[in-house]
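Please look over the model shown here together with the numbered points that follow.

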Amino acid sequence: MTDRFEEAFAQHVDGFGTIRVRPLDPACDADVIHGWVSEERAAFWGMNGLTRDQVADVYTHMAGLDTHHAHLVTKDGTPAALLQTYEPAADRVGECYDVLPGDLGVHVLLGPAGPDGRRPGWTAALLHVMTAYALRVLDRRRLVVDPDVRNTKAIARFERQGFVCGPVVALPEVDVPDVYLPEKHAQLAFLERAVAFPEG
């Protein structure tokens, strides 16, 4: 499988392959994303039970926003992760902490392991490339993540990447046309660009 859309960022990782970040195509990528979000391991993503068309509709809606963006991350052309970026001030998380200039919110959903299973260091390499895209290519000073407090695996993964935990907050319910999000108890965590890339 090869990438069919113009990439936003690409980086070769020795021993793993080439990782590319490109805009998500809601129609063409819906099958892949629906498969991922339907798995039990993706319960915290909040899309379990949605149909393929409903998933496509969610990302079609997002594609029309200036503040929220979805990206497909591939490894050697094979889908590997879903990366969502957003302006915290335009999101419910912005009601729960003091948003600073240069902040960028991110959500990450890793794809399932391939036929050969997970390889040691692969998740860290993938997250490093996504972090480079978010902080360097998008030229941001700090990332914020808000995993569910029960998602201890995700929290630990972010901490290993250098994120520093902040407060536990209650993200308010969102109930507007086209979007419904239940209240969520989240662990905020932050990664400064100077920490992730001290060389500049």
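1. Over the whole structure, the search returns one cavity of 30 Å³ or more. A cavity is here a set of points, on a 1 Å grid over the protein atoms alone, where a 1.4 Å probe fits but cannot get out, and lining residues are those with an atom within 4 Å of a point. The volume of the largest cavity is about 80 Å³, taken as the space filled by probe spheres set on the points, with grid points joined across faces, edges and corners. The model is a predicted one, in which local features need pLDDT of at least 70 and side-chain atom pairs count only at pLDDT 80 or more, while totals for chains, interfaces and linings use all residues. Residues are numbered from 1 along each chain as its sequence is written, and side-chain values use heavy atoms, with hydrogens and water left out.

2. Which residues line the largest cavity? They are Leu 83, Val 106, Val 108, Leu 127, Met 130, Thr 131, Ala 134, Leu 143, Phe 158 and Phe 163. Two or more of the lining residues come from each of β5 and α3 (122-137), and α3 has the largest share, with four. Helices (H or I, at least four residues) and strands (E, at least two) are DSSP runs, numbered from the N terminus. By class the lining has nine nonpolar residues, one polar and no charged. In this scheme Ala, Val, Leu, Ile, Met, Phe, Trp, Tyr, Cys and Pro are nonpolar, Asp, Glu, Lys and Arg are charged, and the others, Gly among them, are polar.

3. The largest pocket has a volume of about 1,600 Å³. Its lining holds 50 residues, and Phe 44, Trp 45, Gly 46, Gln 84 and Leu 181 are the closest to its centre. Elements that supply two or more lining residues are α2 (52-63), β4 (78-86), β5 (103-110), α4 (152-160), β8 (174-176) and β9 (179-181). Helix α2 gives the most, six residues. The class counts for this lining are 27 nonpolar, 10 polar and 13 charged. A pocket is an open set of grid points with protein on both sides within 12 Å along at least five of seven lines.

4. The chain has a mean pLDDT (the predictor's confidence in each residue, from 0 to 100) of 91, and 93% of its residues reach 70 or more. Among the elements, β8 has the lowest mean, 72, and strand β6 (residues 142-145) the highest, 98. Where pLDDT is low, the predicted coordinates should not be read in detail.

5. Met 62 belongs to helix α2. Is Met 62 buried or exposed? Met 62 counts as buried because its relative accessibility is 11%; buried means under 20% relative accessible area, exposed over 50%, and partly exposed in between (1.4 Å probe, protein chains only). Beyond its neighbours within four places in sequence, Met 62 is in contact (heavy atoms within 4.5 Å) with His 68, His 69, Ala 70 and Gln 84.

6. The structure has zero disulfides, a disulfide being a pair of cysteine sulfur atoms within 2.5 Å. Cys 165 is partly exposed at 32% relative accessible area, and Cys 28 is partly exposed at 43%.

7. Two backbone angles deserve a check. Most residues other than glycine have a negative phi. Asp 76, in the loop between β3 (68-75) and β4, has a positive phi near 50 degrees. Asp 76 counts as partly exposed, at 41% relative accessibility. Asp 139 has a positive phi near 55 degrees and lies in the loop between α3 and β6. At 55% relative accessibility, Asp 139 counts as exposed.

8. Pro 167 is in strand β7 (residues 164-171) and is partly exposed, at 42%. Apart from neighbours within four places in sequence, the contacts of Pro 167 are Ala 186, Gln 187, Leu 188 and Phe 190.
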